[in-house]
Every structure is written in C-alpha cells, then in structure tokens.
Amino acid sequence: MNKQKFIDKFLIAFMILAVFKIIGIAAQLFHESFWSVVGTLAIFLVVAFIILIIITALKDKEQNRNNSGKRGSGGGNFYLEASLFDRIRSKYEELAEKYIAEKDYKKAAKVYMNLLQDNFRGAKTLEDGGFYNEAAAVYLKKLNNKSEAASCYEKAKQYKRAIDLYKEMQQKEKVGDLYKELNDLNNAHNYYQMVVDDYTANSQMVKASLVYSKKMEQPEEAQKILLKGWGEDKDAFNCLNNYFANVFDVGKLETEIQKLYQKTPSYKKTIYLEAMKHEFKKDPKLQPVTRSIAYEIIAEKVGTRSEIINELKYFNPDDSVILKDISRFKTGRNKMLRN
C-alpha cells in the first residue's frame, strides 16, 4: 500500500476513534455539571490538535525520507506507527503533568485514565489532590483494590465504608480502630478481642498484650497474658521482660522480681538470669535483689555450665577483682579438665 494513503487512512481512522472516545466520555460524564463536560471535551480538542501536529510532522518527515531515496522494505509503516504513539503518549504525559502543576487534579486524573489508560495513576492523582472519595471509587470499581479504597475512605472520614472493606479483608485490628474513631467502644473491643485471640493462638503473647494495653486500655489483662506466655514457654524471655517493663513502681517491681523467681523452675533459670541483666541496669535500688538472684542461679548452674561464670561481670561492672576471680576459676577449671 502507498505510504501516503496509509498515513491518510490511519489519520482518518484515528480521528474517528477520537470522536467516539469523546462521545463516550461525554456520556459517562453526563451526570456531571455542564461545565465539567465542556472541560473534558476541551481536553480532547487540545489533544486532537496535538495529534494533528505530530502526524503532520511525521508525514513531512516520511515524505522527505522517500524523496531522498531512503526507503525501507516495509519497515517505514512500523516506524511511523511506533513513533506516532510514542509522541502522543509523551504529549499526554506532559498534559497530565501540566494539570498537576496547576493543581487541577481531576483533569490530570482524566488524562491518566481516559487517554493513557492508567487507572492506578489516575486514582493516585485524585488521592494526592485530596479527592479521597473519588479515588476510592476508582480503586474499587476499576482496580478492585480494596486496601487502597479503604485507606482513601478512611482519609475521607467515611469510616463505615472503610469498616465494610476492612471486614471483607479480615483486617480486624483496623476495624477495631475505626469503631474506636466512631466512639463505638463495644464493637471496637469485640474486634480487638478477636485480634488478641488470634495472637494467643499463634503464641504471639507480647503482641496480644500490646493490644490489651495500647488499644483496649486494659493493662491488667496485658500483664496476665504476659505471665501466661512466661508460664507456658511461649516467647518466655520477651514475655518476662515486657512484664517487668510494665511495672513502673520500683518497690513493686522488686517484689515482683522476687516473687516470680521463687516460682521459676530450674530449666528456666538461665532465662531469668538474662532478664536480671536488664533489670540490674534500670535502677540502683534494684541492684541488690537482681545481683543476689544472679549469684544464686550462677552457683546452681556452674557445675554443668562452666561458661555461666562470665555472667558475674554484668552484675559487678566496676569490680576488677571479680574479673580476676573469673579468670582464675576458668584457668583452674581448664587444668582440672586436662588432668
């Protein structure tokens, strides 16, 4: 086919498609205001003009190429089509960026969605412009992205719509958070309790305790679940460490340290010793009790775990004598093992 004829037919076909596109968009926007529809049509007139300029330039370029005798064997049409669409796309991008710079986010979003067929960038542009409900509708209807849609409804303070989506996605903690925003504490606590139950079922006792203390404002329940984790060896050290961290009165903390140690079985005493290293540094008032417990555990375990003697230095950081004693003990122990 003659290249000139191809170009002319391509131009006619493209312009016909453009007309149908304009009509289709006008129909979609019929529920909008008259001026909104006029504005959308104006965008397409600008774009059509840009396309016309590009096509004319490409036709001239192709004609010059033919006149100079540099003709390919069928590759010219492909080059023309690829170059045309690349340039058109580039102009669309420039147009969208122009609207964004002018803070006309709705027009920019229409360029992305209707001309560039990029619904995600269209939705993101609406979201960036603060049009959260409109963005949510695009995320939901065109992209089936419930997570982004729920986030937008949340930003728009459309909490009930967001709650429905979070329920579908089984995001129970988010549901609880939004019920709390609505001051519906009964439903909020019901969903928070589901989260706690899920965490405990997976032995994530610290996370469960944080929901109790931070979300439900029930510190006593948080402490109970941490003690349960410590007692049942479910992330025992972190449960014990967090339990002590939640006791803010030093006198009461000292009592709790002693009371829990008395109930600690032998196989868990090395874990208790690790916890004592943390408590020792908290307050000078805690040093006597934590040091005493540490000495007792070390004395009990040194026969089977000689390396535990090194733990003494954590409870006597400024005592150079204790370091010498540890060194002598290790030397003597090694000699005895060699003999």
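**View 1. Asp233 and its partner Lys268 in the predicted model.** Asp233 is partly exposed, with a relative accessible area of 38%. In this predicted model, the Asp233 side chain meets that of Lys268 in a salt bridge, at 3.1 Å from N to O. Asp233 sits in the loop between helix 12 and helix 13 (236–245), while Lys268 sits in the loop between helix 14 (250–262) and helix 15 (269–282), so the pair ties together parts that are 35 residues apart in sequence. Is Lys268 buried or exposed? Lys268 counts as buried, at 3% relative accessibility.

View 2. Glu221 and Lys224 are three residues apart in helix 12, so about one helical turn separates them. Glu221 is partly exposed, with 28% relative accessible area, whereas Lys224 is exposed, at 53%.

View 3. How accessible is each of them? Lys282 is partly exposed, with a relative accessible area of 41%, but Glu279 counts as buried, at 0% relative accessibility.

**View 4. Ile257 and the largest nonpolar core.** As background, nonpolar side chains tend to be buried together in soluble globular proteins. The largest nonpolar core in this model has 62 residues, and those with the most contacts inside it are Phe244, Ile257, Tyr272, Met276 and Ile293. Which element gives the largest share of this core? That would be helix 10, with six residues.

**View 5. Helix 10 and what packs over it.** Helix 10 covers residues 185–201, 17 residues in total, and reaches 24 Å from its first C-alpha to its last, close to the 24 Å expected. Which of its residues are buried? They are Ala188, Tyr191, Tyr192, Val195, Val196, Tyr199 and Thr200. The cover over these buried residues includes helix 8 (159–168), helix 9 (172–181), helix 11 (205–215) and helix 12 (219–231). Just after helix 10, Ser203 takes a positive phi of about 60°.

**View 6. A linked trio: Glu93, Asp118 and Arg121.** Glu93, Asp118 and Arg121 are joined in a network of salt bridges. For context, a search of the whole structure turns up 24 salt bridges.

**View 7. Zooming out to the whole chain.** The chain has 17 helices and zero strands. It runs to 339 residues, and 36% of them count as buried. Of the contacts between residues at least 6 apart in sequence, 45% join residues at least 24 apart. The accessible surface comes to about 19,900 Å², with 54% of it belonging to carbon and sulfur atoms.

Terms used
Residues are numbered from 1 along each chain as its sequence is written. This is a predicted model: local features need pLDDT of at least 70, side-chain atom pairs count only at pLDDT 80 or more; totals for chains, interfaces and linings use all residues. Side-chain values use heavy atoms; hydrogens and water are left out. Helices (H or I, at least four residues) and strands (E, at least two) are DSSP runs, numbered from the N terminus. The expected span of a helix is 1.5 Å times one less than its number of residues. Buried means under 20% relative accessible area, exposed over 50%, partly exposed in between (1.4 Å probe, protein chains only). Contact means heavy atoms within 4.5 Å. Accessible areas come from the Shrake-Rupley method with a 1.4 Å probe; for residues, only the protein chains shown count as cover. A salt bridge is a side-chain nitrogen of Lys or Arg within 4 Å of a carboxyl oxygen of Asp or Glu. A nonpolar core is a set of buried Ala, Val, Leu, Ile, Met, Phe, Trp, Tyr and Cys residues joined through side-chain atoms within 4.5 Å.
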